[in-house]
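Let's look at how the chains in this model meet. Have the structure open while you read.

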Amino acid sequence: MELDLVPGGLVRAIEELPLVDHHVHGATSHDLSRTAFEEMISESDRPVPEWMTRFDSQLGYAILRHCAPVLGLDPHCTPEEYLARRARLGAEEVNRRLLAGSGVGHFLVETGYRSDEILGPSGMAEASGVPADEVVRLEAVAEQVAASGCAAEAFAGRFAETLWERTRTARALKTVAAYRHGLDFDPERPTGEEVAQAAGRWFGSGGGRLDDPVLLRHLIWTGIERGLPLQFHVGLGDPDLDLRRADPLLLRELIELAEPTGVPLLLLHCYPYQRQAGYLAQAYPTVHFDVGLGVNYSGARSAALVAESLEVAPFAKVLFSSDAWGPAELHHLGAELWRRAMARVLGAFVAEGEWSQARAIRVVTMVGVENARRVYGLGEGA
Amino acid sequence: MELDLVPGGLVRAIEELPLVDHHVHGATSHDLSRTAFEEMISESDRPVPEWMTRFDSQLGYAILRHCAPVLGLDPHCTPEEYLARRARLGAEEVNRRLLAGSGVGHFLVETGYRSDEILGPSGMAEASGVPADEVVRLEAVAEQVAASGCAAEAFAGRFAETLWERTRTARALKTVAAYRHGLDFDPERPTGEEVAQAAGRWFGSGGGRLDDPVLLRHLIWTGIERGLPLQFHVGLGDPDLDLRRADPLLLRELIELAEPTGVPLLLLHCYPYQRQAGYLAQAYPTVHFDVGLGVNYSGARSAALVAESLEVAPFAKVLFSSDAWGPAELHHLGAELWRRAMARVLGAFVAEGEWSQARAIRVVTMVGVENARRVYGLGEGA
Amino acid sequence: MELDLVPGGLVRAIEELPLVDHHVHGATSHDLSRTAFEEMISESDRPVPEWMTRFDSQLGYAILRHCAPVLGLDPHCTPEEYLARRARLGAEEVNRRLLAGSGVGHFLVETGYRSDEILGPSGMAEASGVPADEVVRLEAVAEQVAASGCAAEAFAGRFAETLWERTRTARALKTVAAYRHGLDFDPERPTGEEVAQAAGRWFGSGGGRLDDPVLLRHLIWTGIERGLPLQFHVGLGDPDLDLRRADPLLLRELIELAEPTGVPLLLLHCYPYQRQAGYLAQAYPTVHFDVGLGVNYSGARSAALVAESLEVAPFAKVLFSSDAWGPAELHHLGAELWRRAMARVLGAFVAEGEWSQARAIRVVTMVGVENARRVYGLGEGA
């Protein structure tokens, strides 16, 4: 629906929310060529064919529409004008404007993907002026242990030790098992012997990228033991991933096995499986989810995704994230598009007489702020 | 769309429809504590975590919005006020008001799930003032046969005999194979020897809950032989079910094998697979479906589900149900939300100039009343 | 949204587009009985049950609404009036009116399905007054080779030879592996020995319908070698097909193996997997898709499908098709419903302030015309 028609009280409440972006990566502090910029506004890792530009996409049009004004340009400007202005301002100023203008009050920054190219949590806090805490990727920790040299039999112990060490101040853990194997792994915790053997095979083949399903399961179960909320990549991502094997319903048995620990499980992104994620969130007390990433990529269609995430799940189980990585446009849009989508979707519920405005404000506050504060123990001032 | 904008003739036609709720369970005649009530407004069988209330959900908000006025309260009331009023009125008066005010003209009551806690068909007829017929659950009949003591070799015969006996006045059969095994069972009819062996294993392990796929198939084929319309649980349900294995497309081979019998197959609920169900309903003459249960759980979003059910299926193959169990709020809302959803979806087709109002009225009458009358042989006065 | 509210410039731009229908079959030149007509407005190959008419469907209502006026009737007319008028005008005049009034500027006609009952490319060009080129079905060519008599060892060579011969002026190839086996085939190119053995088995069992997965793979790989754009049937179709095995995500490995050739892969129809297709189109440079067929079958709901096709895919990767076969109503509606859907979806993006009108016109021109011209090398005058 048109935002002009959304009840004003709801619009203002949404604008004032200090959002918690519960899964995000750092912004890049480098100036970006057009090629580099276009490579970063797609999940595809392929070169852009010469007969197209990635600006011709929902995300591209959303960047021009919503970020151009933040850089002092008209939303009807061309990609060339936008990138020229971006270059003139410089990455630091661009980041400052886009991050500070995002309305995010707290970032939980996942640091396990190409972290040398982007800002870390402290850099994000500095650039945005709001707190930023860390989310630690399990596979990255394991690969560091392997890289540092380790006997196969010692792997489990060394990994646990390093994980506890690395997460002393972290707010959450993250697994990319969906990329490394698919979510269709055996959900049982592997035995110590199985882990040592798998570590032996891994080290024997030179270490590097961890994709052995025994080890991935071991990481997840060690992560559950660690007791921090555990985030799962689910649904769309780059071509490295088989989307069929990134369906959240594949996690059902693991969810049931882990349920007695009470560790919150956070299903990230989920597109196009957001309804399946909502079903799991209704069925299992520990399951939460978001539709980040998909919101950015679907731009003017993002209200449709957000609406589908507000069907069968209890509202205490839905969270907000951007999953931005690299250009601060993605951090900005993740929040901006989510706010607009929530205003449209909940505004329509109110306009149609199905919800009161008070209930709409209650839900947007839960999803945007309160659920994340509860799950990650952020406290109000945090 | 806002109901005010729906053409008045369509709204009135929808209000006057004597709906056939072709798959519903009994209402509870007990007064309910807050805990008991919240347990009954979710498919989850887990306790409600102390940090949330199930009133914060689409279903919870729909109860307050649409049932509070039926109990004489403001739709903006709190859950506490609602439950206090409900307790003061008592279950009998609550049921009377919610059932009589539902606009349902005929209930087909499935009696196989915790039937000692809820009203049976005659109790439903009495509380609502309209006819109520029975739908018999195949698995419940088989479990009664087992409980009554039976030799393995005699099981097939005893089951058939008991089924014919139990269904003399029933309108339909129902199977919950989706819960007990998944819909990915071998579609062929098992041999008598296979059935006797499987019955032997079942009885040998003490009988009880029937989940052997050979026996489940045998029940289904015996049900098809019985010749009454056969309802299948499909799609969302409680965590007992693996939603991946409740996809209606898994029934394709069974549908084809059973097609020559002409027995109508009714796919119930189907969320989030309503489009897949619609495809099957276009392809196969015997296949029908509904989006009950999902309508209640998606509340203000239920028009989206209903709309997706009106894409590729012929309109003669879509039915209405609530799948309500327990609180009469669910019976009331199943009908109320469906009417509002149909008004919005078909009203938009008319407003956009795609359908005439006459066609919209024709379709809502087919889906709400006539298709069920035809499938179940209810006749107009029935 | 109501078309009256769509910005006028966008509506005019859409009306003036000389659409390229990049996957269509011929129109029938026969007069049609009611039975024959109803059989052709469904993907079901079953007789129509006597208790229903296929006019009671989205497609049926769309025919009355949009084609009746082209035949000089009121859109509120009955099916009987419509068919009587159709018979009076005769198939030739009906085709002329519906095809010429479709706004299509170029047809790519797939000739491999019951081609003796319908017009070929030249007949389509004549009836419509615009160019029509051929799309050659791989399986049809192979079956002709088999029917003409061929030694098993010679099959691969003869098939390649015949394919090159048959496609000298063709614009594209098409495979119906989804029907003949499912898309879950081994993606590797089979060896010459495997092909000869499979051909031996096929010929030994009398030839006829080709459904051997080794041969299907061989056809696909020979088609990729041929170098023309390759169309895949994906998603809904007649009951011959298992919809679970027509999910485009099953093509992932084949897409990756074929990627170095640069051959464009076109995923056709895709319902209800249009979001999965869009994901593949974002991930892989060679992947394109459309939502034809589903648009016709979903009628007043077709804007929902079109909207879902405009989420995560780059706009350079989305195409328009009708997949019409037989009654020229399907050719007409494929274009008419698509135009109305695009106007509604993009019009809403503009009205909501998310897109400029210029961007909306750019996208509808890409999807309706330019992407197909680029992929198939049609040139502007072609």
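First, a term you'll need: a salt bridge is a side-chain nitrogen of Lys or Arg within 4 Å of a carboxyl oxygen of Asp or Glu. Keep in mind that this is a predicted model.

Here is one such pair: C:Glu354 and A:Arg340 join their side chains in a salt bridge, at 2.7 Å from N to O. Between chain A and chain C the count is seven salt bridges, and 24 residue pairs are in polar contact (both at pLDDT 80 or more). On the side of chain A that touches chain C, helices H3 (58–67), H14 (294–298), H15 (302–308) and H16 (328–351) each supply at least two residues. H3(A) gives the most to that side, with five residues. By class, the side has 21 nonpolar, nine polar and 13 charged residues.

Now turn to chain B. Chain A and chain B also have a count of seven salt bridges; one of them links the side chains of A:Arg275 and B:Glu308 at 2.8 Å, N to O. Here the residue pairs in polar contact number 23 (both at pLDDT 80 or more). The elements of chain A giving two or more residues to this side include H12 (252–258), H13 (274–283) and H17 (357–376). This side divides into 17 nonpolar, five polar and 13 charged residues.

The buried area and contact residues look like this:

| Interface | Buried area | Residues in contact |
|---|---|---|
| Chain A and chain C | about 3400 Å² | 43 residues from chain A, 35 residues from chain C |
| Chain A and chain B | about 3400 Å² | 35 residues from chain A, 43 residues from chain B |

Which three residues supply 22% of the area that chain A buries against chain B? They are A:Tyr279, A:Glu354 and A:Arg359.

Technical notes:
Residues numbered from 1 in each chain as written. Chains lettered and ligands numbered in written order. Predicted model: local features only at pLDDT ≥ 70, side-chain atom pairs only at ≥ 80, totals over all residues. Heavy atoms only, no water. Contact = heavy atoms within 4.5 Å. Buried area = accessible area lost by both parts, 1.4 Å probe. Polar contact = N/O pair within 3.5 Å; in protein donor to acceptor, adjacent residues only side chain to side chain. Helix = DSSP H or I, 4+ residues; strand = E, 2+ residues; numbered from the N terminus. Nonpolar A, V, L, I, M, F, W, Y, C, P; charged D, E, K, R; others polar.
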